[in-house]
Amino acid sequence: MKLKLHVWRQKNKAAQGRMVTYDADNISPNMSFLEMLDVVNEGLITTGEDPIAFAHDCREGICGSCGVMVNGVAHGPQDATTTCQLHMRSFQDGEELYIEPWRAKGFPVLRDLVVDRSAFDRIIQAGGFVSVNTGSAQDANATPIRKSDADEAFNAAACIGCGACVAACKNASAMLFVSAKVGQLSLLPQGQPERQERALNMVSAMHEEGFGNCTNQYECEAVCPKQISTDYIARLNREFIKATLTYPDAKK
Amino acid sequence: MSWLKHAVRNPIGAKVLMAITGIMLTGFLVAHISGNLLIFVGPQAINAYAEGLRQFPAVLWAARAGLLVAFVTHIYFAAYVTMGNRAARPQPYAFSNTVQATLASRSMVLTGMVMLAFIIFHLAHFTWRITDSEISAMGEFDVYQMVIRGFRQPMVAGSYVIAMVAIGLHLSHGIASVFQTLGLNHPRYNRAVRFAGPAIGVGIALLFASIPLSIYLGLVK
């Protein structure tokens, strides 16, 4: 396969970036998208150019680091996969691809396709945890949990924090991410004592990090590699409204 | 009250207020179109209805005040939310794409602004009666003749119909959004809500548009 790539190149956080065009030749349809970038980078290195920086780690769709925009779609055209799970057979020979980093105020570009997603860590630090030590695993049914709640919590917990929801959202909102994190803990008994302050604090942290607001366009769930539903956003709205109205220690 | 101030500065709190005021404004539209459709019954019906409204000035002014508060609140928080959204993506994509967001959802700001411009014109046209000297000179309560006279003009009828397209789009995203924003969501009802929202929105717009269209086409004289 031969492809024409338009790739965002930016030296560092402060530098001005621009789209640069490269030819990618000798690409096998069986390569993953990241392997294709590896091949292009080898070519760049042999000609003495800087290779294209992109984040990657597990290359099997669980670490959440590899996300890029391919022709304006987060993680590329294939549903329910991360960029590393995307294969070149998803594209046509001779196709032109626009490869860009996630664009959001909350995700500043560090270099080329690599963005700083530590805003997500700070949102988690605002409440995405259970404070008490849960100790070692207890007997399986010591704490009864309804099956449907367990399933729903598990579906939310599938979030890998890749940031595709933010990248795809027309408003660069992080609502799907926050709703998954708030949702998983609000459904389980261990999450109950801190349920209200978690919703309030994580939503505030999201706002402070400069992410936008949800306008119910559902672009996020369309690109989420873990197919997290926007039903969790409705759940988060419910959690936030209830906590705002009834949280005992809320400011008077 | 600082908890309330804090809540509405928040992305969800601001949208909850937009949802509540959106319900109020949609309720007004339903009441408004219910009265307007009397024009198809005849001159006496709609004139009697218009006069009937004025029999209760306290109720009328209370409703107008509530409507104004809802209207201003809705626009204020729409501006607040939109500015936050614009600021959240300072650098746009070189290749922008849309996977499943509807046209209605992507044009809420535009359709909202068209509606605002229309409402100002509509008030000037039929409430303050300052856009048309012939309407200004008419007697106080001949609503029927006023409407007929207004919509015989192609520019006026046309601009009303265009405004109704904007209202149809705005409501078709807005009504379903109310349920999502207020967290009124359950797999059992989600599909119904996502279908009924646009259906009700387009239905209201079609009913409104039927009046200028049928007058302009001479079906109502």
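This is a predicted model: local features need pLDDT of at least 70, side-chain atom pairs count only at pLDDT 80 or more; totals for chains, interfaces and linings use all residues.
1. A quick definition before anything else: helices here are DSSP runs of H or I at least four residues long, numbered from the N terminus.

2. Chain A first. Its secondary structure comes to 8 helices and 7 strands, and its C-alpha atoms fill a box of roughly 65 × 40 × 35 Å along the principal axes. Of the 252 residues in chain A, 52% are buried. If you look at contacts between residues at least 6 apart in sequence, 69% of them join residues at least 24 apart.

3. Now the surface and charges of chain A. On the charge side, chain A carries 25 positive and 30 negative side chains. The centres of those two sets lie 5 Å apart.

4. On to the second largest pocket, which holds about 340 Å³ of space. Its lining counts 20 residues. Have a look at Asn216(A) and Tyr218(A) from chain A, along with His173(B), Ala176(B) and Arg194(B) from chain B: these lie nearest the pocket's centre.

5. Which helices of chain B each supply at least two residues of that lining? They are H5 (103–106), H9 (154–181) and H10 (187–216). H9(B) gives the largest share of the lining of the second largest pocket, at 6 residues.

Terms used
Residues are numbered from 1 along each chain as its sequence is written. Chains are lettered from A and ligands numbered from 1 in the order in which they are written. Side-chain values use heavy atoms; hydrogens and water are left out. Buried means under 20% relative accessible area, exposed over 50%, partly exposed in between (1.4 Å probe, protein chains only). Contact means heavy atoms within 4.5 Å. Lys and Arg count as positive and Asp and Glu as negative; His and the chain ends are not counted. The place of a charge is taken as NZ of Lys, CZ of Arg, CG of Asp or CD of Glu. On a 1 Å grid over the protein atoms alone, a cavity is a set of points where a 1.4 Å probe fits but cannot get out, and a pocket is an open set with protein on both sides within 12 Å along at least five of seven lines; lining residues have an atom within 4 Å of a point. Grid points are joined across faces, edges and corners, and a volume is the space filled by probe spheres set on the points.
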